[in-house]
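Trainee: I want to learn how to read a structure, feature by feature. Where do we begin?
Mentor: Have a look first, then we talk.

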Amino acid sequence: MSKYTIILLALVCVSGSASAMAGGPAFIVPPQMTSMNVEGGQLMSELAGGAGTSATDQLSSQRVSLTARYGLAPGVDAGLSVGSANLTFSELSGDYGDFTSNWSLAWGANVHVGLPTTDTPYQVVGSLHYFGFQPGGKTSNGMKSIDSKYTWHEVTPVLIGGYRFGSLIPYLGVSKPFLFGEKSVKVSFNGQEYASAGGKLNYTDAEQSFRGLFGLEWKLPEGYSLNAEAAASMEGHWTLSLGLAQVLR
């Protein structure tokens, strides 16, 4: 994942006049201003059979993204993101290997609403995040192989509260991810495809648990800020992320 992170870190260093406002998760981007944020992280979650799997499977996904957020009105901003992601999990039981995808194009969108709308040391932010990508990979058992491709969607509402202590902004919150999408399967035996054994299916896996989260944003000169965030559930599902943002006029 390191080379993707380096590329996106370079992209975030754009020119422009910077604001003193923070542009990370704990505060809203001011009206008619833009925040550029580069982020890398890892998701550990679970598929409860919803994606056409034969059992409850632990999954891992690494991702990096570049997000542009724009202040629409006092207390409201929205953003779009582009990046790359991969996916790994034990798709089938028995002697089949793990499903492991290559890095593929990822995209996303988000909206944030915060109170109060004035520049105060504290802020409560409600946000909604969408993330999608199309991982594909192959599992095999001897001469039999299964080629799977996903159209993967995540929708995650988040609620956080933060307070600024000088240049540091710790925040606490809760999130609840939802997974849904489409799975396309191609089954082959000794190199010969069996069309009747493959096909497509839509899936919805709403059995993701609530996750408590803790984050820390550090305001830097020239409108930059660093952000680190961790979220975890009682079932052992967790996410980790690290980001760098800059607010531009």
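Mentor: One definition to start. Strands are DSSP runs of E, at least two residues long, numbered from the N terminus. Two strands pair if DSSP finds at least two bridges between them. Keep in mind that this is a predicted model.

Trainee: How many residues are in the hairpin that joins S6 to S7?
Mentor: Six residues link S6 to S7 in that hairpin. The two strands, S6 (residues 104-115) and S7 (residues 122-133), pair in the antiparallel sense over 10 bridges. Take one example: Ala109 has Tyr130 in S7 as its bridge partner.

Trainee: Which other strand pairs with S6 in the antiparallel sense?
Mentor: Strand S3 (residues 76-85) does, over 10 bridges. Here Gly79 has Asn110 in S6 as its bridge partner.

Trainee: What should I expect of side chains along a strand?
Mentor: In a regular strand, they alternate between the two faces of the sheet.

Trainee: Next, rings. What describes a pair of aromatic rings?
Mentor: Two values: the distance of the centres and the angle of the planes. This structure holds six aromatic pairs. One of them is Tyr150 with Trp152, with centres 6.0 Å apart and planes at 70°. An angle over 60 degrees counts as edge-to-face, and this pair is edge-to-face.

Trainee: Are those two residues buried or exposed?
Mentor: Buried means under 20% relative accessible area. Tyr150 has 0% relative accessibility, so Tyr150 counts as buried. Trp152 has 1%, so Trp152 is buried too.

Trainee: Which other ring pairs with Tyr150?
Mentor: Tyr203 does, also edge-to-face, at 6.0 Å centre to centre and 80° between the planes. That pair links distant parts of the chain. Tyr150 is in strand S9 (residues 144-163), Tyr203 is in strand S13 (residues 199-205), and they are 53 residues apart. Tyr203 is buried, as is Tyr150.

Trainee: Which residues form the aromatic cluster?
Mentor: Phe131, Phe133, Tyr150, Trp152 and Tyr203 form one cluster.

Trainee: Now charges. How many salt bridges are there?
Mentor: Two. Look for a side-chain nitrogen of Lys or Arg within 4 Å of a carboxyl oxygen of Asp or Glu. Arg63 and Glu154 form a salt bridge, with the closest N and O atoms 2.8 Å apart. Arg63 lies in strand S2 (residues 56-73) and Glu154 in strand S9, so this pair ties together parts 91 residues apart in sequence. Both residues are buried.

Trainee: What about Arg69 and Asp77?
Mentor: Their side chains meet in a salt bridge, 2.7 Å from N to O. Arg69 and Asp77 are both buried.

Trainee: Over which rings does the charged end of Lys176 sit?
Mentor: One is the ring of Phe178, with the charged end 4.0 Å from its centre. The charged end of Lys176 also sits over the ring of Phe210, 5.9 Å from its centre.

Trainee: Last one. What surrounds Pro157?
Mentor: Pro157 lies in strand S9. Leave aside neighbours within four places in sequence, and Pro157 is in contact with Ser127, Leu128, Val174, Ser175, Lys176 and Phe178. The C-alpha atoms of Pro157 and Asn110 are separated by 9.6 Å, and the two residues are 47 apart along the chain.

Trainee: Why does Pro157 count as partly exposed?
Mentor: Partly exposed runs between the buried limit of 20% and the exposed limit of 50%. Pro157 has 32% relative accessibility, so Pro157 counts as partly exposed.

Definitions and conventions. Residues are numbered from 1 along each chain as its sequence is written. Side-chain values use heavy atoms; hydrogens and water are left out. Helices (H or I, at least four residues) and strands (E, at least two) are DSSP runs, numbered from the N terminus. Rings of Phe, Tyr and Trp (its six-membered ring) pair if their centres lie within 6.5 Å; planes under 30 degrees apart count as stacked, over 60 as edge-to-face and the rest as tilted. Buried means under 20% relative accessible area, exposed over 50%, partly exposed in between (1.4 Å probe, protein chains only). A charge sits over a ring if NZ of Lys or CZ of Arg is within 6 Å of the ring centre and within 35 degrees of the ring normal. Contact means heavy atoms within 4.5 Å.
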